[in-house]
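Dear colleague,

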Amino acid sequence: MEENKIPKLLLRLDFMLKSVLFVAVFSVMFMIVYAPFSISGWFDIFNGQHLKLAVAFYIASIFALITSKIALAKVSNRITITRLSYVLWLLGEVLFISLLYVLFTIYLAYDGGFEHISRLFVRAFCCSAAILAIPNIILTLYAAYKSKEEVDDVMRYHSPQFAADNESSRLVSLCDSSGVAKLTIDIDSLYYIESQDNYVKIYYENNGTLQHYMLRCRTSVIEKILADTTMVRCHRSFIINTSKIKLLHSEKTNHIIILKHHNINPIPVSKTYYDRLMKTISHEPDIH
């Protein structure tokens, strides 16, 4: 079942919303080439009268894709999305866009019978499939590449050589929602962990470079695993390594933490976790 899963990056909402933008830009270029061959006279981006109709169709299509991606993100938080289910979901998007195109054409420029409609639908489906398939193939290859990078990092941390070089280090194993250890890492290399729905994004330093690893697991579970370490929860969405704190800045009721790595943005501290955090770092002389 593990090999049937798709790259986690493909199911991140922010990545999927960016993919919609990529598809929109690609589709404009595609339709510039395809428009002269369209059998529906209303879809002409070079005709001022028809441009508004084309724009309306694009807006409706983009809204449909955004809605689909949000729904997919919610579904993926509850069940495992396999390669087959992901492909079927994308085919559903193609089918919906094709039907939307046919409905626009029937409403605006219907001049034929059932045969005309069926021929229009087939061409619309092929067109929509090409427009959505090419960007999605590119995005899937990119996500697979990023996933391989993460796996390589995991294998490095699991390697005997790494363990031999870090006998005195404090290694901790982080498990996914099914209880399988996915990342074994030196606690001193961790900077912070950010919650993203049912995933956590683990930020750590590797050979002087800040990197991250996506793990399907609830923040509360990770917090329990790291209970006896320097990792402390400071916000509903953040767990930080107190040994990496450079500065704690307070202004009235607002508190933020600056970590020692220059590529990390300030991290908020909520009222709920402020007292516990202060108690934990009270013995840290380097924090101001």
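Predicted model: local features only at pLDDT ≥ 70, side-chain atom pairs only at ≥ 80, totals over all residues.

Residues are numbered from 1 along each chain as its sequence is written, and side-chain values use heavy atoms, with hydrogens and water left out.

Within the sheet, strand 8 pairs with strand 9 (residues 254-259) in the antiparallel sense over six bridges. One of the bridge partners in strand 9 is N254, which pairs with E251.

Strand 3 (residues 190-196) is mostly covered, with six of its seven residues buried; buried means under 20% relative accessible area, exposed over 50%, and partly exposed in between (1.4 Å probe, protein chains only). Strand 3 pairs with strand 4 in the antiparallel sense over six bridges, and E194 stands opposite K201 in strand 4. These two strands form a hairpin with two residues between them, and D197 in the turn has a positive phi of about 60°. Strand 3 also pairs with strand 7 (residues 238-241), again in the antiparallel sense, over three bridges. Here Y192 has I240 in strand 7 as its bridge partner.

Another backbone feature concerns N207, which has a positive phi of about 55° although it is not a glycine. Most residues other than glycine have a negative phi. N207 is found in the loop between strand 4 (199-206) and strand 5 (209-216), and counts as exposed at 72% relative accessibility.

Turning to charged side chains, how many salt bridges does a search of the whole structure find? The search finds four, a salt bridge being a side-chain nitrogen of Lys or Arg within 4 Å of a carboxyl oxygen of Asp or Glu. One of them joins R12 and D14, at 2.7 Å from N to O. R12 is buried, with a relative accessible area of 13%, while D14 is partly exposed at 33%.

R233 forms a salt bridge with E223, with the closest N and O atoms 3.0 Å apart. Because R233 lies in strand 6 (residues 231-235) and E223 in helix 6 (residues 219-225), the pair ties together parts that are 10 residues apart in sequence. R233 counts as buried at 11% relative accessibility, and E223 as partly exposed at 24%.

E223 also meets R276 in a salt bridge (3.2 Å, N to O). This pair links distant parts of the chain, with E223 in helix 6 and R276 in helix 7 (residues 271-281), 53 residues apart. R276 is partly exposed, with a relative accessible area of 41%. Through shared partners, salt bridges join E223, R233 and R276 into one network.

As to cysteines, a search of the whole structure finds zero disulfides, a disulfide being a pair of cysteine sulfur atoms within 2.5 Å. The sulfur of C126 has its closest cysteine sulfur in C127, 8.0 Å away, which is too far for a bond. C126 counts as partly exposed at 47% relative accessibility, whereas C127 counts as buried at 11%.

For the chain as a whole, there are seven helices and 10 strands. Of its 288 residues, 44% count as buried. The chain exposes about 16,300 Å², of which carbon and sulfur atoms supply 62%; accessible areas come from the Shrake-Rupley method with a 1.4 Å probe, and for residues only the protein chains shown count as cover. Among contacts (heavy atoms within 4.5 Å) between residues at least 6 apart in sequence, 58% join residues at least 24 apart.

Definitions and conventions. Helix = DSSP H or I, 4+ residues; strand = E, 2+ residues; numbered from the N terminus. Pairing = 2+ DSSP bridges.
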